[in-house]
Amino acid sequence: MFLLIAEFDASSLSKMYTIEMYLREVSTSLLPPFTSITHKSCESCEKSTDVEFVNVTLIAVVIDYLQRDKLLTFLEETAKGEADWEECVPYVKGTKRGKVYEDDDELPHGARVNSLLSDGESGGGKEMEMPIELDIEDEDEDEDGQLDEYLQSQYQSLQALKEAPEKDLVDLAGILGMHNLLNQPQYYNALKGRRQDDDSGISFDGVIRAPVQKVIPDEPENETNVEDCIERLEADDEGMKEVNINNMKRLSKERIRTLIKAACASKHIEKLSMANISISDSEARVFRMKTIFLKGLTELLESSPSLKILNIESNFITPEMLAKLLRATLKTQSLVEFKAENQRSSVLGNQIEMDMMLTVEENDSLLRVGVGFQSMEARHRVSEALERNYERCHAIKATGSEGPICIDYK
């Protein structure tokens, strides 16, 4: 390239603008970027009043205006006239400097390891203080030894299985859970650690026999004298601490309400069981019959500080009434066990469960709550609250003091 450097005054800028327009029309890849001077800049220079003459340095590449051959000749002569760069190490023909490349695939494994270890020496670098020792043969020997031990143990196991009696193999199959090879008595004998006998069979070809069914007698009917219980509760008998009327479905609603009213008057009753007697919300809440108010279970829980256990499972009480019954235990803080599962409505609902959960957390006496919570949060928080009550009970017993939740009951 030929660099034309000239200084022009303000009057010559218009001429240079014509040259610039011509250079823009030239289409060649050899033209580098150049500093352009627009017509507006020329006009701004002419209108300047502070300086009469403005010196502008224009760097442009002129190819078509000048002779291109002379330009190339000048560049070649200039390059030949310049001195070469000084080399730190003089060039010697046929001498190889640095590490000579060798393909690792063509070398054996031992040669590659030696080349890695002697990398510092061959390259003129720092030698390794602790060279790495690769004992490949010892690893192969260890693997071979472990393989031999494994094969030997497997061979001994096979020999032991061949020599073992079939009775022991039956026990082994039961322990491993191979129930498809055994009958039911053999499988359960193996799980329980019992010996195989002739009844169950001592071989895999044993005859399968139907087990003798155990006849379980029905539970006897509840023969509790309800009238006697009502009289003793009304008289506040000290020996009347437990009333059990479970499964007495023929008991009338009036007698159940009368029994609950008599239990409210007693100060010694500790356990009341009323499971599977078809009671509903009418027996649980305060009932009005003409001009007489009959007390319900809510009144019993609020007024009886001696009651420790209440069992009302398998009845027809609604979730709302269960929440009210559990809320009634907060007044006396004496109930220890509350059982109310298997009601007509199996799903309590999220709002009812949250209300019952908060009630259990506020109660300091409950140790067992028999309610089927569906929410994971309710189950977790209720279990934590009951655990805190257990710990409080143990702390009270450890100090020797007595509390309402530490009274032993059956």
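**Core, sheet and salt bridges**

The largest nonpolar core holds 51 residues, and those with the most contacts inside it are Ile245, Leu272, Met274, Leu297, Ile312, Phe338 and Met356. Such a core is a set of buried Ala, Val, Leu, Ile, Met, Phe, Trp, Tyr and Cys residues joined through side-chain atoms within 4.5 Å. Buried means under 20% relative accessible area, exposed over 50%, partly exposed in between (1.4 Å probe, protein chains only). Helices that give two or more residues to this core include H10 (253-265), H13 (319-328) and H14 (350-362). This is a predicted model: local features need pLDDT of at least 70, side-chain atom pairs count only at pLDDT 80 or more, and totals for chains, interfaces and linings use all residues. Residues are numbered from 1 along each chain as its sequence is written, and side-chain values use heavy atoms, without hydrogens and water.

Next, the sheet. Five strands form an open sheet in the order E3-E4-E7-E8-E9, with parallel pairing (at least two DSSP bridges between two strands). Strands E3 (242-244) and E9 (368-370) stand at the edges with a single partner strand each, so one side of each has no neighbour in the sheet. Three bridges join E3 to E4 (residues 271-273). Here Glu242 stands opposite Lys271.

Now the salt bridges (a side-chain nitrogen of Lys or Arg within 4 Å of a carboxyl oxygen of Asp or Glu). The count comes to eleven. Glu283 pairs with Arg257, the closest N and O atoms being 3.4 Å apart. Glu283 is buried at 2% relative accessibility, and Arg257 is buried at 10%. Arg327 meets Asp355 at 2.8 Å, N to O, and Glu362 at 3.2 Å. Shared partners join Arg327, Asp355 and Glu362 into one network.

Terms used:
Helix = DSSP H or I, 4+ residues; strand = E, 2+ residues; numbered from the N terminus.
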